[in-house]
Amino acid sequence: MPISHCLLCAGLEPFESWTLRSGSSYLQIADCKNWQFLMWCPRCSVDNRVTRVAWLNRSSILYAGNDKWCLDPRVVLLANTKTQYSIQIHDVDVYDEGPYTCSVQTDNHPKTSRVHLIVQVSPKITEISSDISINEGGNVSLTCIATGRPDPTITWRHISPKAVGFISEDEYLEITGITREQSGEYECSASNDVAAPVVQRVKVTVNYPPYISDAKSTGVPVGQKGILLCEASAVPSADFQWYKDDKRLAEGQKGLKVENKAFFSRLTFFNVSEQDYGNYTCVASNQLGNTNASMILYEETTTALTPWKGPGAVHDGNNGAWRRGGCAWLLALPLAQLARLF
């Protein structure tokens, strides 16, 4: 809301300095002895010895008696009586800051009283970095520029459950070798105690190749429903493909259903047959790389000792390494099947 700034000159007082908030909804008032924060009016008494009065801003005359000398429509005369001489300034801004002088001419000699107006301005973010997408390991530079009077303090923090406190107390935030854990929103806050801090956020997306986190072998009796599940994290989201031995499995293949989501792929067998048993490979890929995991769909019978349900062997296509998640699958097969194998 605009500010009405009242200057009352009804006599002479020593130089004072006053602070007025730009954009706030209150006025500041004071008399010569008792200052109250409602309007700002240095008030003093005049008598019949006063012959001329005037308000000046720096060296410019605003009003002389009842005559307006300035062209600014925001400046108006409030009172010119035997006891006070006052003007009012509407919509105060930073350009109104400075000294204001009430000049009084008496029979003997002129006298003046001066006050200095300090205008405060709420913080405002004028420039901030746009949302950014970057590959893992890259460097990030974020900028947040704000104005205000006094100059605002700028801080950056990572909006994350694991983040603690501020990560920068500067206009610039530098992140070297960014990791996937550092993705998310970064909040810039500008504050100067004039008003509530202003905040804006920047979203940082960190891209990385797929990583298969879960791939388990499954034992299913003949004629039952079986499911192989492959879970992978990646940004952008991974594309999934399934293979049996070296043959790619297509969606809609009889008796099978391939269900691909952002972070997992599910291969469903509606009626498992002897021909379905064997080794299956899940391949997860995006433009940054690929990885794969092998798992077994094996026959589970009532004579089985302990069907193995641990993760299969996972091959990371990004570095060529194999990861094994459990014991050899042969150990989980029924004794009868082991005998046939040997």
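# Loops, bridges and disulfides

Colleague: Where does Ser160 lie?
Modeller: This is a predicted model, so treat it as one. Ser160 counts as partly exposed, with 22% relative accessibility. As for its place in the chain, look in the loop between strand 14 and strand 15 (172-175).

Colleague: And how far apart in space are Ser160 and Glu181, C-alpha to C-alpha?
Modeller: In sequence, the two are 21 residues apart. In space, going from the C-alpha of Ser160 to that of Glu181, you get 9.2 Å.

Colleague: What about Arg157 and Glu187: how many residues apart in sequence are the parts they tie together?
Modeller: These two form a salt bridge, with the closest N and O atoms 3.0 Å apart. Arg157 lies in strand 14 (residues 153-159) and Glu187 in strand 16 (residues 184-191), so the pair ties together parts whose separation in sequence is 30 residues.

Colleague: Which residues are linked with Arg157 in a network of salt bridges?
Modeller: Arg157 is partly exposed at 33% relative accessibility, while Glu187 is buried at 9%. Both belong to the network. Apart from Arg157, its members are Glu185, Glu187 and Arg201.

Colleague: Now the cysteines. Which residue does a disulfide join to Cys144?
Modeller: There are two disulfides in the structure. In this one, Cys144 lies in strand 13 and its partner in strand 16, so the pair ties together parts that are 44 residues apart in sequence. Both cysteines are buried, and the S to S distance is 1.9 Å. The partner is Cys188.

Colleague: What is the torsion about the S-S bond of Cys230 and Cys282?
Modeller: Their sulfur atoms are 2.2 Å apart. Cys230 lies in strand 19 (residues 226-235) and Cys282 in strand 24, so the pair ties together parts 52 residues apart in sequence. Cys230 is buried at 0% relative accessibility, and Cys282 is buried at 0% as well. The disulfide is left-handed because its torsion is about -80 degrees.

Colleague: Last one: which residues does Thr281 touch, not counting those up to four places away in sequence?
Modeller: Thr281 has its place in strand 24 (residues 278-286). With a relative accessible area of 12%, Thr281 is buried. Its contacts are Gln241, Trp242, Tyr243, Asn292, Ala293 and Ser294.

Definitions and conventions: Residues numbered from 1 in each chain as written. Predicted model: local features only at pLDDT ≥ 70, side-chain atom pairs only at ≥ 80, totals over all residues. Heavy atoms only, no water. Salt bridge = Lys/Arg side-chain N within 4 Å of Asp/Glu carboxyl O. Helix = DSSP H or I, 4+ residues; strand = E, 2+ residues; numbered from the N terminus. Buried < 20%, exposed > 50% of the residue type's maximum accessible area, 1.4 Å probe, protein only. Contact = heavy atoms within 4.5 Å. Disulfide = S-S within 2.5 Å.
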